[in-house]
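Let's take a friendly walk through one protein structure. Have the sequence and the 3D view ready as you read.

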Amino acid sequence: MVVLATRSAGKLRELRPMFAAAGIEVVDLVEAGVAESPAEGAVECHETFEANALAKARHFHEVTGQPVVADDSGLEVEALGGAPGVRSKRWSGRDDLTGQALDEANNRRLLVELEGVEAAPARYVCAAAYSDGVRDLVVRGETRGRIVRTARGGKGFGYDPYFLSDELGATFGESTRDVKERVSHRGRAVRRLIAQLVAER
């Protein structure tokens, strides 16, 4: 059994089918009996996705005593010098918001920051980490596209309605879970991680 160390319903919707397809049983933090605490937010204090993902995996392994998979992911926009980057989730500064309300606040800031910018090439980045107290694994996945200025589609979460995928020709907000998974940063990172876990069984 592996604990998926995220409280994001959107991430869990994407992650569970991938692990199920590989025959790996997973539980989320609620199912593992881990109450939310302020200490969780302090774990992701590093300057790279890899360091944040590994810190989170190690933290929740210590809490649960179980093997843990965690990820850190975000959006990097060239015209903004790579921002919001590792601060993607809380870029708006609205620590009082969660879920859809937080996504909307982050997207409002994105559009404000891009006012007057003609081209907005961007990439989504994900680092996925595994920790079981004996070994640590970290892998990276990326996908490229550009930012559109009008939301397109109601699927996905985060910046998805504004991220136009080069490979799909559609925003992640317009794409079904299985279509997005094939090219997404998280899909690529987690598939690589699962492949390593399965190979080392």
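The report below looks at one helix and then at some salt bridges.

## Helix H6

Keep in mind that this is a predicted model. Helix H6 covers residues 185–199, which makes 15 residues. From its first C-alpha to its last, H6 reaches 21 Å, close to the 21 Å expected at 1.5 Å a residue.

Several residues of H6 are buried, among them His185, Val190, Leu193, Ile194 and Leu197. In an α-helix, residues three or four places apart point the same way, because there are 3.6 residues a turn. The buried residues of H6 pack against helices H1 and H5 and against strands S3, S4 and S5.

Which residue forms a salt bridge with Arg186? The partner is Asp71, and the closest N and O atoms are 3.5 Å apart. This pair links distant parts of the chain, with Arg186 in helix H6 and Asp71 in strand S3, 115 residues apart.

Arg186 counts as buried because its relative accessible area, 2%, is under 20%. Asp71 is also buried, at 5% relative accessibility. Both belong to a network of salt bridges that includes Lys11, Glu14, Asp160 and Lys180.

## Two other pairs

The count of salt bridges comes to 22. One of them joins Lys56 and Glu44, whose closest N and O atoms are 3.4 Å apart. Lys56 sits in helix H3, while Glu44 is in the loop between H2 and H3. Lys56 is buried at 8%, whereas Glu44 is partly exposed at 29%.

Arg123 and Glu142 form another salt bridge, with their closest N and O atoms 3.1 Å apart. Arg123 lies in strand S4 and Glu142 in strand S5, so the pair ties together parts 19 residues apart in sequence.

Technical notes:
Residues are numbered from 1 along each chain as its sequence is written. This is a predicted model: local features need pLDDT of at least 70, side-chain atom pairs count only at pLDDT 80 or more; totals for chains, interfaces and linings use all residues. Side-chain values use heavy atoms; hydrogens and water are left out. Helices (H or I, at least four residues) and strands (E, at least two) are DSSP runs, numbered from the N terminus. The expected span of a helix is 1.5 Å times one less than its number of residues. Buried means under 20% relative accessible area, exposed over 50%, partly exposed in between (1.4 Å probe, protein chains only). Contact means heavy atoms within 4.5 Å. A salt bridge is a side-chain nitrogen of Lys or Arg within 4 Å of a carboxyl oxygen of Asp or Glu.
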